[in-house]
Amino acid sequence: GISSLFSSLKVVRLLRLGRVARKLDHYLEYGAAVLVLLVCVFGLVAHWLACIWYSIGDYEVIDEVTNTIQIDSWLYQLALSIGTPYRYNTSAGIWEGGPSKDSLYVSSLYFTMTSLTTIGFGNIAPTTDVEKMFSVAMMMVGCKFLFSFSIENDFSV
């Protein structure tokens, strides 16, 4: 609702990164500084993508229209594999259970890191069409990082 709209406006603060990037331009002469900067940028991009990956799963796991669980969502599959399945509380009329928020973030970050650096691996896999499209986009971003890094440092891919 309104609160999520206001919290999404916090993204505007990311515009400050431009000022930080201009200040970091001075340190780009040093190889170690470039490497540290690339790792930090890669970690930041992986964090953002992990948040989006979680949001996709959170949106798709429970069908709001029929109030049923979608068994093909990655969140449902993760919940089964780690032993914390979703269950319906009939007295409250809501879905409960599932992995903890910490576990979901770590799993999301793990998936995005493996998708950005390789082809993905493990018990977390895209199963719905939206998840598959986002995974393809993540792999393309990972290729761009690899290609940019190899061109800047004269490495052959």
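What percentage of the 157 residues in the protein chain is buried? I got 24%, taking buried as under 20% relative accessible area, exposed as over 50% and partly exposed as in between (1.4 Å probe, protein chains only).

**Ground rules.** I'm working on a predicted model, so local features need pLDDT of at least 70 and side-chain atom pairs count only at pLDDT 80 or more, while totals for chains, interfaces and linings use all residues. Residues are numbered from 1 along each chain as its sequence is written, and side-chain values use heavy atoms, with hydrogens and water left out.

**Layout.** I looked up the secondary structure and found 6 helices and 4 strands. Helices here are DSSP runs of H or I with at least four residues, strands are E runs of at least two, and both are numbered from the N terminus. Along the sequence I read the pattern α-α-α-β-β-α-β-β-α-α. I also checked contacts (heavy atoms within 4.5 Å). Of those between residues at least 6 apart in sequence, 52% join residues at least 24 apart.

I then listed the contacts of Leu-75, skipping neighbours within four places in sequence: Tyr-54, Gly-57, Asp-58, Val-61, Tyr-86, Pro-99 and Leu-104. Leu-75 is one of the buried residues of H4, along with Trp-74, Tyr-76, Leu-78 and Ala-79. After H4 comes Gly-83, with a positive phi near 80°.

**H5.** I noted 17 residues and 24 Å from first C-alpha to last, close to the 24 Å expected; the expected span is 1.5 Å times one less than the number of residues. The buried residues of H5 include Leu-104, Phe-111 and Leu-116, and also Ser-107, Ser-108 and Ser-115.

**Aromatics.** I found 4 aromatic pairs. Rings of Phe, Tyr and Trp (its six-membered ring) pair if their centres lie within 6.5 Å; planes under 30 degrees apart are stacked, over 60 edge-to-face, the rest tilted. Trp-53 and Trp-74 are stacked, at 5.3 Å centre to centre and 20° between the planes. Trp-53 is in H3 and Trp-74 in H4, so this pair ties together parts 21 residues apart in sequence. Both are buried.

Trp-53 also pairs with Phe-134: the centres are 6.2 Å apart and the planes at 20°, so I logged that pair as stacked. It links H3 to H6, with the two residues 81 apart, and Phe-134 is buried too. I have Trp-53, Trp-74, Phe-111 and Phe-134 down as one aromatic cluster.

Leaving out residues up to four places away, Glu-131 touches, among others, Trp-53, Gly-57, Glu-60, Asp-72 and Trp-74.

Val-130, in H6, is partly exposed at 36% relative accessible area. Beyond four places in sequence, Val-130 contacts Ile-56 and Glu-60.
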